[in-house]
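Please work through each task before reading its solution.

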Amino acid sequence: MIVDADSAAILLLQPLVLAYWYSAPQPVRVTPLRVGEGWAATELGAPGDADLFKLLREVDSFTDAEDLSAAAQQWRLPVVPYRRAHAVQPWSPRRAGRQERFRSSGAGQSGLPVTAAHALAGVKVVDVTAMWAGPLCTWLLAQLGASVVSVESDARPDGMRAPYGGGIYPGGLLEPGAIGRSAMFTALAAGKERVNLDLRLQDDREAFALACANADLRVDSLSRRARENLGIDNQCESGPGPAIVHLPAYSSGPSRDWVAYGTQIHAMSGLAWPAGSDEPIPAATAYVDGLGGIAAAFASVVALYSAAQNGRAPTLTASLMDAVDALASDHDHGALLRGDPMPRVTELAEAHTVRAVEMTVAGVPLRHPASPFVSA
């Protein structure tokens, strides 16, 4: 397997690259909140979250970041504690999760499959994701030839469409009537078909079940709690159903049902608060979402391969925390991801100026980097 380092870097720094490309303001770092002797990461982007969090702090005087976060999560608020870096043993062949390098067969002398762009041709994917990690996963699958149907409700559109929550517009300006076309959303929606389904409604759930029955793979970024509330936790009410890949924030432990964004996963992982530091350093960007999306794409390929080999559709979980946890073995404890990435972003963006396609974002015709965002 050959991975282009520049493309991988762009995927992890995608919001910063797009902001640079469109001369839009850089995404703002989340400022750590001091709570007693600790710190909390509060990313209150949804309408009403800030007011609800203010009310929570008025109800009780919290002196511990862990207690504050646990209470906030009961109110479904994305608040998590910054945790200190813990000692991690170096990777070794005997360590769980350590794998040998992928070995390709039936490939050309370059090591790349002859038909890589069509490797998943004929595969049908139902996409129930939003924001960055999940849509990136299914975008990667679409680039490999899969047919992706993205489920989104007009009643609750993808937050990446909005001017907040990842929306990046030319010059940072939102044109009237163009709220649904941020550069980030446009990039990740390329090559997919969208259907309007509200899974809270019985008729729409039936249509969703039918789509899943005819699909090979379902990818969702819903929490276990949300899947249960919507009644879509089972693979398929009739028939074997598709393989399933879940992409929640956490997969196990006390925080299994917590809600969090990529920068908060970084805070929980310990990478933001290395030994010897008096206070945590927030992530330069929500790179965890990019990393999680790539990991979920690998999990999707594994799930499809397993279904083809065993005749049974598996259910796999590739949580954001699982994707970032391996980084803790890095001896510099993620210093590169906490540092100022803009010189690298500038280099990457300028290197792709000769590889661009014409497209329209927010009603404005622009030249957009052809790789790795959209297909020429």
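**Exercise 1.** What covers the buried residues of α1?

Solution. The model is predicted, so local features need pLDDT of at least 70 and side-chain atom pairs count only at pLDDT 80 or more, while totals for chains, interfaces and linings use all residues. Residues are numbered from 1 along each chain as its sequence is written, and side-chain values use heavy atoms, with hydrogens and water left out.

Step 1. Helices are DSSP runs of H or I with at least four residues, strands are E runs of at least two, and both are numbered from the N terminus. The chain has 13 helices and 11 strands.

Step 2. Buried means under 20% relative accessible area, exposed over 50%, and partly exposed in between (1.4 Å probe, protein chains only). In helix α1 (residues 5-12), Ser7, Ala9, Ile10 and Leu11 are buried.

Step 3. With contact taken as heavy atoms within 4.5 Å, the cover of these α1 residues includes α2, α5 (133-143), α10 and α13.

**Exercise 2.** Characterise the crossing of α2 and α13.

Solution. Step 1. Axes are lines fitted to C-alpha atoms, for helices over the stretch in contact, and angles run from 0 to 180 degrees between N-to-C directions. The axes of α2 (residues 14-21) and α13 (residues 342-351) come within 9 Å and cross at roughly 65 degrees.

Step 1. Leu16, Val17, Tyr20 and Trp21 of α2 meet Met342, Val345, Thr346, Ala349 and Glu350 of α13.

**Exercise 3.** Which side chains meet Arg224 in salt bridges?

Solution. Step 1. A salt bridge is a side-chain nitrogen of Lys or Arg within 4 Å of a carboxyl oxygen of Asp or Glu; the count by this rule is 11.

Step 1. Glu228 pairs with Arg224 at 3.3 Å, N to O. Both residues lie in helix α8 (residues 224-230), 4 residues apart, about one turn of the helix.

Step 2. Arg224 also pairs with Asp257, at 2.5 Å, N to O. This pair links distant parts of the chain, as Asp257 lies in the loop between β8 (243-246) and α9 (262-269), 33 residues from Arg224.

Step 3. Arg224 is partly exposed because its relative accessible area is 24%.

**Exercise 4.** Is Asp289 buried or exposed?

Solution. Step 1. Asp289 is found in helix α10 (residues 287-310).

Step 1. Asp289 is buried yet has no salt bridge. The nearest side chain of opposite charge (Lys and Arg count as positive, Asp and Glu as negative; His and the chain ends are not counted) is Lys192, 13 Å away.
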